[in-house]
Amino acid sequence: MVNNMISRIEIALKKELRDAEASALMKKAASYFNIQIESARCINIVTIESDMNGEQLEVVRDEILTNPVTQFSALTPLDIEFDWCIWVGFRPGVKDNAGATAVEAVRDHTGKVFTSEEGIYTSKRYCLKGGTLTFEDMEKLASELLSNSIIQQFKV
């Protein structure tokens, strides 16, 4: 068995751009649950389980996964402030279409063929700020707004 490394690429919209997904979350939190979020940012996470080296991962991050006009990304967690962070990802065994598409894009761009032991998985991290937010608020948002418990899991 090959010992694959697990790498993580985080991708977010540039600060000066409106994060429509985060804005929608703030509106829904307020109207559905009366939860007041002061600011929110959505970060896309791409987890790569593979024997790719740092140089190959930089190519994947820079040339395949990041739109340089609207996004910034890193192979380390992005420095985005938050009071609360919610991670949402697919449950094991659930088909990750975006991850499968990323595998194809990496193969087409770099020639890298993934073995059955390797893969690319997508998830999201929501960074929320608000002085009145509670753990209970976060669990409510995660379970009732941000995830579908049948196919996804979350961590606050």
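Predicted model: local features only at pLDDT ≥ 70, side-chain atom pairs only at ≥ 80, totals over all residues.
Visitor: Which strand pairs with β4 over 6 bridges?
Guide: β4 covers residues 84–90 and takes part in two antiparallel pairings. With β6, residues 152–155, the count is 4 bridges. The pairing over 6 bridges is with residues 119–129, that is, β5.

Visitor: Which element gives the most to the lining of the largest pocket?
Guide: The largest pocket has a volume of about 340 Å³. Of its 20 lining residues, the closest to the centre are V94, D96, I120, Y121 and T122. At least two lining residues come from each of β4, α3 (97–110) and β5. The element that gives the most, with 5 residues, is β5.

Visitor: How many charged residues are in the lining of the largest pocket?
Guide: Sorted by class, this lining has 9 nonpolar and 8 polar residues. The charged residues number 3.

Visitor: Which element gives the most to the lining of the second largest pocket?
Guide: This pocket has a volume of about 180 Å³. It is lined by 14 residues, and the closest to its centre are V88, F90, S123, K124 and Q152. β2 (39–50), β4 and β5 each supply at least two of the lining residues. The most, 4 residues, come from β5.

Visitor: Which element gives the most to the largest nonpolar core?
Guide: The core has 16 residues, and those with the most contacts inside it are I37, I86, Y126, L128 and L141. Two or more residues come from each of α1 (20–33), β2, β4, β5 and α4 (135–146). With 4 residues, the element that gives the most is α4.

Visitor: Which residues are in contact with L141, leaving aside its neighbours within four places in sequence?
Guide: L141 is among the residues with the most contacts inside the largest core, and its number falls in α4 (135–146). Leaving aside those neighbours, the contacts of L141 are A29, F33, I35, I37, I86, L128 and L146.

Visitor: How many residues are in the second, separate core?
Guide: Among its members are M52, L65, F114 and I120. I120 is also one of the residues closest to the centre of the largest pocket. The number of residues in this second core is 12.

Definitions and conventions. Residues numbered from 1 in each chain as written. Heavy atoms only, no water. Pairing = 2+ DSSP bridges. 1 Å grid on protein atoms, 1.4 Å probe; cavity = no way out; pocket = protein on both sides within 12 Å on 5 of 7 lines; lining within 4 Å. Points joined across faces, edges and corners; volume = space filled by probe spheres on them. Nonpolar A, V, L, I, M, F, W, Y, C, P; charged D, E, K, R; others polar. Core = buried A, V, L, I, M, F, W, Y, C linked by side-chain atoms within 4.5 Å. Buried < 20%, exposed > 50% of the residue type's maximum accessible area, 1.4 Å probe, protein only. Contact = heavy atoms within 4.5 Å.
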